[in-house]
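Hi,

Here is the structure I promised to pass on. My notes follow below it; have a look when you get a minute.

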Amino acid sequence: MSLKERDKKHLWHPLTQHKIHPEALPIVKAKGALLFDEDGNEFIDGIASWYTSMYGHCNDYILNKAQSQMHQLDQIVFSGFTHEPAIALSEELIRILPKNQEKVFFSDNGSTANEVGIKMALQYHFNKGEKRNIIIAFEDGFHGDTFGAMSASGLSVYNGPFEDFFIDVKRIPTPNSQNINQVIKQLEEYIGSNEVAAFIYEPLVQGANAMHMYEARYLDQILATCKEHAVITIADEVMTGFGKTGMNFASDFVETKPDIISMSKALTAGFVPMAVTSCTQDIYNAFLDDSVGKAFFHAHTYSANPIACAVALAGIELLSSENIQQNIKNIIASNKGFDEKIKKHSKVQTTRQMGVIYAIELKIDMDRYGKKRYEIFDHFMKNGVYLRPLGNTIYILPPYIISPEQLELIYSSIISLLDDVI
Ligand SMILES: *Cc1c(COP(=O)(O)O)cnc(C)c1O
C-alpha cells in the first residue's frame, strides 16, 4: 500500500474536511528550500512550512547541534532543575528581543505561548488585587487554537463552534489613516470600564488574515493608550518573529514596546516544537511574594526541552550571522523587483510587502476554502512550487537560504498563474 492509502486508515489531519479532501500528499524528504514527495517530485517550499524552516530544512549546522545535545542531555523536569541550553537561550533571546524584555517562560507552541501571555496578564492584575477580566484583540487576528488564544482570534470556521465558551474579549479593527481616531476612541471606551486586563495583537502583519499589514505609527498610538491605563500589551510574534519583517521582531519597528511577547514557529527552525513567552521585569515582579499562591502555576511537561533549546540557540546564531542578514536583504530586494513587474497586472488587486513577506491579492472572487483555491494550489504544485493561498491572496515567505534561481521559479509560477490560469 502507498503512503497515501495507509494515511487514510488512521490519520485525522488539521484544518481538513476529510469528506471533501480525503487525500494528503506524502512528503518523504526535505532539504534546504526543497520538499520531495514519494514519487521523487520536488517542490520549492515557498512558505518555509508555515514560516518555521527559515534556515532551510534539515540545516546541517542545526542538525549537528541537535545531535550533540541528544547525546548529552535529552530531557529534564524544568521545575526545580535547570540546564545550560535553556540558560544560554534565555541570554541570547534577551540579547535580540526589544530592550524592555527581561524574563522568558517556556511552552510548546504558538497557541500555548499566547495562552501563557494571556494568563500572565490576567494574574498580574489578580495578584495586585484588581479585578480585570476583559481582553482586547483585533477583529481579524489569529492567535491559535487553545481556548484563550482562540477566544482572542477573530471569528471564523476555526473557533465558531466554541463561541459560547470564550473568555471575555472585545474586538477593535486594525488601524489605518482613516479609522485611527475612531479606533482609539473605541479602545478608550473599553478601557474606561477599568476591567481591561490586556491587549493582544499581531504586530504589523496578520499572517492568517491574508498577510494584512498595518502601520507602526498607528499601532504605537494604540499601545501608548494601553500603557496609560496599565493595560498589559501582548505582542504575538509567533509569525513575525526572527527576521521575517526585516528586523529581528516586528516590535522593533514600533516605539512603544510590548510588556509580553510570544514566539514560536521559526524559534526552533522547523526542527521541533517549542515556544517562549517573554516579559518585562515589572510583570515578573508581580508574581514574587511570600505566598506560593501568587506564583505562576503553569507548566508543560516538556518545558525548555534541552534539545529544542539547543536547536533554538543554533537558529539565533544563524539569524545573527552576516550571511543570513545579507540573504534577508537580497530576498527583500528581489521581491521588490518582482512587485514592480506584476503589481499593474490586470489580475492583481493589490500587493503587500514587509521584510521577506510578500503577498498578492488577486482580482477574482473566491471562497477561502472553495474550489478555486485548490485550482490555484494545484497550479503551483504542478510547477514544483509549494504556496498556500489564503482566500484570494497568495503569498511568499521563503526560507532565508532560498537561491535566486529558486525565487525566480516561484515568480514565474505566479506569472503563469496570472496569465494562463485565473
Ligand atoms: C501560527 C500562529 C499561532 C499558533 O501557533 P501554533 O504553533 O500553531 O499553535 C499563533 N499566532 C500566530 C500569529 C501564528 O501565526
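K265 puts a polar side-chain atom 2.6 Å from an oxygen atom of the ligand, and S111 does likewise at 2.5 Å. For N109, an N or O atom of the side chain is 3.3 Å from a ligand oxygen. I use polar contact for a pair of N or O atoms within 3.5 Å; within protein, one must be able to donate a hydrogen and the other to accept it, and residues adjacent in sequence count only if both atoms are side-chain atoms. The residues around the ligand (a heavy atom within 4 Å of it) also include F142, H143, E202 and D236.

Before you read on: this is a predicted model, where local features need pLDDT of at least 70 and side-chain atom pairs count only at pLDDT 80 or more, while totals for chains, interfaces and linings use all residues. Numbering runs from 1 along each chain as its sequence is written, and side-chain values use heavy atoms, leaving out hydrogens and water.

Now the domains. Between them, 24 residues of domain 1 are in contact with 25 of domain 2, contact being heavy atoms within 4.5 Å. About 2100 Å² is buried there, 72% of it from carbon and sulfur atoms; that is the accessible area (1.4 Å probe) the two parts lose on being put together, summed over both. On the domain 1 side, Y51, Y55 and M354 lose the most area, together 34% of what that side buries.

How many salt bridges cross this interface? The rule finds 0, taking a side-chain nitrogen of Lys or Arg within 4 Å of a carboxyl oxygen of Asp or Glu.

The whole structure has 13 salt bridges. One of them joins the side chains of D60 and K31 (3.0 Å, N to O). D60 sits in helix α3 (residues 60-72) and K31 in strand β1 (residues 27-31), so the pair ties together parts 29 residues apart in sequence.

Cheers

Key. Helices (H or I, at least four residues) and strands (E, at least two) are DSSP runs, numbered from the N terminus.
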